[in-house]
Amino acid sequence: INKIYAVDKKKRLQNELIYNPKIEFVKGDFLKLELKEKFNIILAAYLLWEIPFEKWNYTFQKFHRLLGKKGVLIVIDSYPKSEFNNPFFNFNLKKSDEYPDWYNYLHEKKIRYESHPFTSQIVAKSAEEMYEILRFFFQGGQAGDFYKLNKVRIIEDLKTKQKNNQIIIDMHHIMDFVYLNKISR
């Protein structure tokens, strides 16, 4: 790997990750960035629910322009067939019609993909520590305001998940390898 670009509107991960000269942190909106490079891999982790549906076509055209001939887009998101029984998704911050079905979109556009579900865990020593982890992931906008305004309720919900002096949250994800070679540039 020659270079990794980490794009974030708030540049919040730069101070959280170990320094690596191969990683260039870019503060900005992916949709507004002008990148001339071609990439072998683009990883869009939990990005689509941040982008209004009416901008998805533009977003995928941009991914396609940035990928090399054999490049692949990797989309990681919550596993759609699992119960969202964790604090990341218990609080319905978006209406269901604001977050269209990703797979319907792929089928409608006739985009080839491979899906790979996986599970991870987040472990914290206390409800308060888990709350801070949640606040980190949901810093801005409506979600950030929600976490600030509902701190007591969220911490009480987290306490119900405590076992053996730990809170463990199972996260169900899916990693989709998306092949965009049919989208027009």
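How many aromatic pairs does a search of the whole structure find?

1. The search finds 12 aromatic pairs, where rings of Phe, Tyr and Trp (its six-membered ring) pair if their centres lie within 6.5 Å, with planes under 30 degrees apart counted as stacked, over 60 as edge-to-face and the rest as tilted. Please keep in mind that this is a predicted model, in which local features need pLDDT of at least 70 and side-chain atom pairs count only at pLDDT 80 or more, while totals for chains, interfaces and linings use all residues. Residues are numbered from 1 along each chain as its sequence is written, and side-chain values use heavy atoms, leaving out hydrogens and water.

2. Phe60 and Trp102 have ring centres 5.6 Å apart, with 25 degrees between the planes. Phe60 lies in helix H1 and Trp102 in helix H2, so the pair ties together parts 42 residues apart in sequence; helices (H or I, at least four residues) and strands (E, at least two) are DSSP runs, numbered from the N terminus.

3. Phe60 is buried at 0% relative accessibility, and Trp102 is buried at 10%. Here buried means under 20% relative accessible area, exposed over 50% and partly exposed in between (1.4 Å probe, protein chains only).

4. Both rings also belong to one aromatic cluster, whose members include Phe30, Phe60, Phe63 and Trp102. The charged end of Lys62 sits over the ring of Phe30, 5.1 Å from its centre (NZ of Lys or CZ of Arg must be within 6 Å of the ring centre and within 35 degrees of the ring normal).
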